[in-house]
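Keep the structure open while you work.

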Amino acid sequence: MRRLDRWIARAKALWASPSVVPLALPPALVNLKDLNHHDPLTGLANRLLFEDRLDGAARRAEAANRRLGVLFIDLDGFKAVNDSYGHSAGDQLLREVGRRVALQARQSDTVARLGGDQFLMLLDGHPDASAAAVVAARLRTSLAEVLCIEGRDLRLSCSVGIVLYPEHGPRAKLIAHADAAMLVAKQAGGGMHVFFEPHMAVDSEAQIDLQRDLRHALDLGGQGLSLDYQPKVDTKSGRLTGVEALLRWRHPQQGPIEPSVFIPVAERFGLIGTLGQWVIDEVCRQQRAWQDEGLDLRVAINLSVYQLRQADLVERIERALKAQRVHADRLMFEVSEIAAMADPPACVRLFEQFMRLGVQVSIDDFGMGNANLSQLRKLPACQLKIDRSFVQKLEHDDEDAKAIVDAVVRLSHALGLNVVAEGVETTHQQDILLRFGCDELQGYLFARPMSPVQMALWARSSEAVPRPEPLTRLERPD
Ligand code: C2E
Ligand code: CA
Ligand code: CA
């Protein structure tokens with residue numbers, strides 16, 4: 001148990017309760033005579049004033065052969081806060097964020113709010129890449145501290161894009177390029193800063209095109225969208241325990257687009273609610289079709305953090321189940337650890353509602369976030385999926401990864417959770433996971449995600465597939 005204790009101690013250190021920063025009104029930044037140049041909500045400069053300052057600073061920098069930096073700051077998950085807590089809470093939050101950003105600026109710098117949850121910071125004073133990175137890191141730390149909004153503690157991260165002038169583009173493109181770099185930070189999971197690189201400019205335009213095409217696909221009832229299904233198998237018997245639905249999109253011109261590309265686009269442009277609903281409806285429809293063929297599979301659906309904040313999510317699920325006469329226990333929802341920990345009390349409430357409805361919950365990508373042990377204990381989930389990155393490391397006998405997987409399995413079992421390892425590609429990984437007592441495995445070693453027709457064939461033939469070595473014949477490590 002020593003390793004488990006160490007792991008828990010490490011986890012506890014990570015989850016030490018954060019310092020609570022009270023909400024305060026922004027400093028008196030507004031010159032009332034000059035409202036045209038200021039954002040009325042935060043009192044910061046608006047885009048017009050920022051561009052004006054940027055122009056002047058760029059001219060001076062050119063003359064003196066000096067550099068400038070621009071930081072593009074975008075809150076992660078702000079829209080969901082606004083949707084679920086209301087606009088007045090959203091405004092309060094933006095004022096506090098504006099205040100915190102302004103606190104990181106020096107006298108010569110300019111801070112602006114572009115609108116929504118987007119802020120800009122002009123670093124005037126010859127910053128190099130490392131100086132700009134230091135400011136970005138400070139900003140992220142400051143924004144990551146607890147915000148108390150209408151009596152509730154919230155934690156938000158932000159994504160920051162950084163450009164330096166003159167190396168990252170002409171003056172007129174600086175803000176757009178900083179925005180593109182910010183999008184890359186957001187796509188990589190948010191909570192980080194990224195420097196602009198030339199290929200990113202294309203990406204940000206391409207994203208706008210993608211969201212338009214995805215919107216169109218959804219308007220047409222999901223044209224080009226489909227679901228693949230990937231089996232999870234029982235470690236001991238090798239039997240199929242359920243399948244995970246994975247969304248696919250075939251773009252009319254560009255062909256298949258990765259979910260890791262289009263799902264963040266859907267999240268960013270407010271399409272994830274409709275897209276997620278399409279997935280829920282489609283899974284229920286498929287369930288009905290399979291059941292009519294005599295095939296009974298439990299299907300797991302991935303939920304985005306934005307869906308968790310939909311006030312009527314549970315009713316939507318209930319309606320979809322009813323419409324297809326599918327029993328709730330045939331569905332499972334996979335919620336990533338990071339999404340679950342974004343608002344633990346809300347998540348506990350939601351999971352309890354899921355439990356009452358009869359659907360199961362799985363904590364996905366476990367190990368990627370800083371889940372709080374006591375919070376994890378409170379979550380009425382029944383499954384925990386060890387993130388693929390740990391499974392990959394097992395391939396090279398990474399001792400840390402082994403210790404973590406071992407500890408996670410023991411901890412999960414202690415909490416009564418079933419453990420699934422995802423991304424299992426080799427028999428070596430399988431052997432280690434077997435030894436550690438993982439309950440279910442999923443990955444290319446067993447099957448890739450496949451179409452519903454292939455999935456049905458696989459499910460029927462999998463009864464004939466040889467079982468992995470039984471657990472008892474393998475020795476556990478010390
Ligand atoms: P995820 O939930 O972690 O799903 C597992 C991903 O790993 C899938 O990628 C799957 O195809 C891939 N995978 C499975 N086995 C292996 C393996 O052995 N090796 C490797 N290298 N990869 C493996 P995919 O389909 O590209 O999906 C990526 C992510 O997109 C998913 O990660 C999930 O977060 C998200 N996603 C997919 N479908 C949906 C959806 O319907 N709704 C939401 N919100 N997110 C979805
Ligand atoms: Ca998943
Ligand atoms: Ca994963």
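Predicted model: local features only at pLDDT ≥ 70, side-chain atom pairs only at ≥ 80, totals over all residues.

Residues are numbered from 1 along each chain as its sequence is written, chains are lettered from A and ligands numbered from 1 in the order in which they are written, and side-chain values use heavy atoms, with hydrogens and water left out.

**Exercise 1.** Describe the shell around ligand 1.

Step 1. Count the residues near the ligand (one heavy atom within 4 Å of it). There are 21 around ligand 1. The closest are Q230, R248, R388, E425 and Y444.

Step 2. Sort them by class. Nine are nonpolar, five polar and seven charged. Here Ala, Val, Leu, Ile, Met, Phe, Trp, Tyr, Cys and Pro count as nonpolar, Asp, Glu, Lys and Arg as charged, and the others, Gly among them, as polar.

**Exercise 2.** Find polar contacts of ligand 1 (pairs of N or O atoms within 3.5 Å).

Step 1. Start with the backbone. A polar backbone atom of L247 is 3.0 Å from a nitrogen atom of ligand 1.

Step 2. Turn to side chains. An N or O atom of the E244 side chain lies 3.3 Å from a ligand oxygen. For the D364 side chain, the distance from such an atom to a ligand oxygen is 3.2 Å.

Step 3. Check the cover. On its own, ligand 1 has 800 Å² of accessible area (Shrake-Rupley method, 1.4 Å probe). The protein covers 83% of that.

Step 4. Assign elements. β10 (240-251), α8 (259-268), β12 (299-303) and β14 (360-366) each give two or more residues to the shell. The largest share, four residues, comes from β10.

**Exercise 3.** How do helices α11 and α13 pack?

Step 1. Take the axes, lines fitted to C-alpha atoms over the stretch in contact. For α11 (residues 313-323) and α13 (residues 344-357), they are 10 Å apart, at an angle of about 20°.

Step 2. Classify the angle. The two helices are therefore roughly parallel (under 35 degrees).

**Exercise 4.** Locate the backbone exceptions.

Step 1. Recall the rule. Most residues other than glycine have a negative phi, and most peptide bonds are trans.

Step 2. The bond from Y165 to P166 is cis, with omega near 10°. P166 sits in the loop between β7 (158-165) and α6 (174-187).

Step 3. N65 is not a glycine, yet has a positive phi of about 55°. Its loop runs between α2 (47-64) and β2 (68-75).

How values were computed
Polar contact = N/O pair within 3.5 Å; in protein donor to acceptor, adjacent residues only side chain to side chain. Axes fitted to C-alpha atoms, helices over the stretch in contact; angles between N-to-C directions. Parallel < 35°, antiparallel > 145°, perpendicular 65-115°, else oblique.
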